[in-house]
Amino acid sequence: MSAVPLAALRGIVKRFGPVLANDHVSLDVRPGEVHAILGENGAGKSTAMQILYGLYRPDAGEIHWNGAPVAIADPADAIALGIGMVHQEFLLVPPMTVTENVVLGLREGRGPMLDRSGAAARLAAIAARHGLAVDPSARIAYLPIGVQQRVEILKLLYRDARLLILDEPTAVLTPQEKDALFATLRSLRAEGRSVVLVTHKLHEIMAIADRVTVMRGGRVIDTLDVAGTSERDLARRMVGREVVLRVARTPARPGAAALRVEALTARDAAGRATLRGIDLMLHAGEILGIAGVEGNGQSELAEALLGLLPVTGGRILLGREDITRRPVAARRARGMGFIPADRRGTGSITALSVAANAVLGEQRRHTRAGGMLLDRGAIVATAREIVAHFGVRTPNVALPAGKLSGGNLQKLVLGREVRRASRVLVVEQPTRGLDIGAVEAVWQALLAERDAGRAILMISAELDEIMNLADRIAVLFEGRLSTPLPADAVTREQLGLMMAGRDPAAHGRAA
């Protein structure tokens with residue numbers, strides 16, 4: 001490898017008001033390496049990469065490219081240098097084809113018209129070289145999430161990016177798609193390109209990265225060769241203490257049926273079927289895990305159960321009561337809790353303080369003077385308890401909740417719902433965006449709720465989470481739910497095939 005870094009940050013400082021997001025951050029990315037950036041929520045890793053890509057300008061410090069200082073005022077400057085970024089939210093135009101998305105903003109050919117056939121041929125050659133199978137003529141709107149990610153990577157390779165920044169790239173992938181992505185990253189590394197992988201998944205760093213930079217509190221703690229470290233060591237450096245990477249799950253002791261769903265159907269605003277005859281039974285004292293790639297009806301199922309999405313058929317029973325047509329407030333009053341994936345738009349009121357959000361929906365329990373006045377002391381005490389227990393990073397509980405990072409807002413919402421001690425808790429993506437220390441706290445909290453007799457329906461795209469916590473597991477694919485299986489009777493590979501809509505039994509026979 002060259003002694004001169006391909007890209008380097010030197011003493012980068014970035015403030016957002018009173019928050020010091022990057023505190024003299026320095027790191028190097030070498031040619032032909034996969035370099036992971038690891039850190040807790042608020043550690044500054046995404047901010048540092050967004051500065052490298054030109055989305056933010058640093059308050060101090062320099063960016064070097066091929067050993068020389070450069071000014072990157074915006075993403076156009078970064079792209080011109082050879083730096084590309086794939087965001088968690090893909091930047092694709094759904095009605096357009098793969099080829100049209102890839103060449104969008106470029107001039108192809110010498111004439112005024114797009115040379116579609118020439119662009120498609122070049123795109124196909126790049127895709128074949130890096131194992132990114134995709135139909136250049138396919139429309140984005142009809143492609144699975146995993147294939148859309150390939151298109152985002154192809155956009156960068158078509159522009160001959162020498163450095164690719166991937167932000168949490170496996171969050172929307174099945175295990176098989178993740179393996180294919182890693183094969184692509186190895187191909188890019190072999191070709192001399194560099195990849196920066198922003199991730200919180202320790203096992204993925206160990207599987208694919210050459211080096212890892214650990215950040216904490218806006219600072220670089222260390223940069224290590226992956227071959228000389230371990231998951232436990234990385235977790236300790238990231239959090240600053242020893243953490244438990246696996247939870248001890250005792251056998252469940254399921255009780256009576258707490259939630260029953262029968263032949264549930266629903267449609268989206270465009271009239272497309274999103275839930276297709278869902279049947280499930282959830283018992284007190286168990287966690288039923290719903291696995292699946294996003295976009296297959298997970299959010300719709302959660303919203304239908306809470307009354308946020310009208311259903312077109314079937315029924316929902318909470319205990320023995322039919323709540324299919326009951327409003328949200330009535331469902332919550334009868335003991336249904338909800339931790340939505342959209343913490344900012346659905347799970348909180350961002351203009352209100354952290355303290356107010358900590359008791360949202362439970363205000364009547366925090367009153368005085370015969371219920372006439374809010375007991376602000378009790379509200380603040382509750383908020384501080386949640387902040388301390390779940391590690392919510394906030395200067396004080398008077399801060400507007402909208403100023404929290406996504407991960408910290410997520411911890412606040414989860415803490416609030418866990419404290420309600422609901423009969424049934426519907427949890428959607430409970431640890432998305434959380435660091436390993438917070439994940440540990442969340443997992444332990446959910447298991448404690450299960451052991452206290454709560455019925456928990458957990459919807460998660462994280463197979464590690466599903467397999468660590470769930471007592472039974474089902475897969476949601478294209479709005480249809482598979483028959484739940486005991487967690488110890490299904491493998492990660494089988495779940496991956498089911499998440500892709502394939503029959504694992506048929507796969508085994510074919511093999």
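## Basis of the model

Residues are numbered from 1 along each chain as its sequence is written, and side-chain values use heavy atoms, with hydrogens and water left out. In this predicted model, local features need pLDDT of at least 70 and side-chain atom pairs count only at pLDDT 80 or more, while totals for chains, interfaces and linings use all residues.

## Salt bridges

The structure holds 29 salt bridges, each being a side-chain nitrogen of Lys or Arg within 4 Å of a carboxyl oxygen of Asp or Glu. One of them joins Asp-160 to Arg-193, with the closest N and O atoms 3.0 Å apart. This pair links distant parts of the chain, 33 residues apart, since Asp-160 lies in the loop between helix H5 (145–158) and strand S7 (163–167), and Arg-193 in the loop between helix H6 (175–190) and strand S8 (194–198); helices (H or I, at least four residues) and strands (E, at least two) are DSSP runs, numbered from the N terminus.

Arg-193 is buried, at a relative accessible area of 5%, whereas Asp-160 is partly exposed, at 40%; buried means under 20% relative accessible area, exposed over 50%, and partly exposed in between (1.4 Å probe, protein chains only).

## A second pair

The side chains of Glu-262 and Arg-315 also form a salt bridge, at 2.7 Å from N to O. Glu-262 belongs to strand S11 (residues 257–267) and Arg-315 to strand S14 (residues 313–318), 53 residues apart. Glu-262 is partly exposed at 25% relative accessibility, and Arg-315 is partly exposed at 33%.
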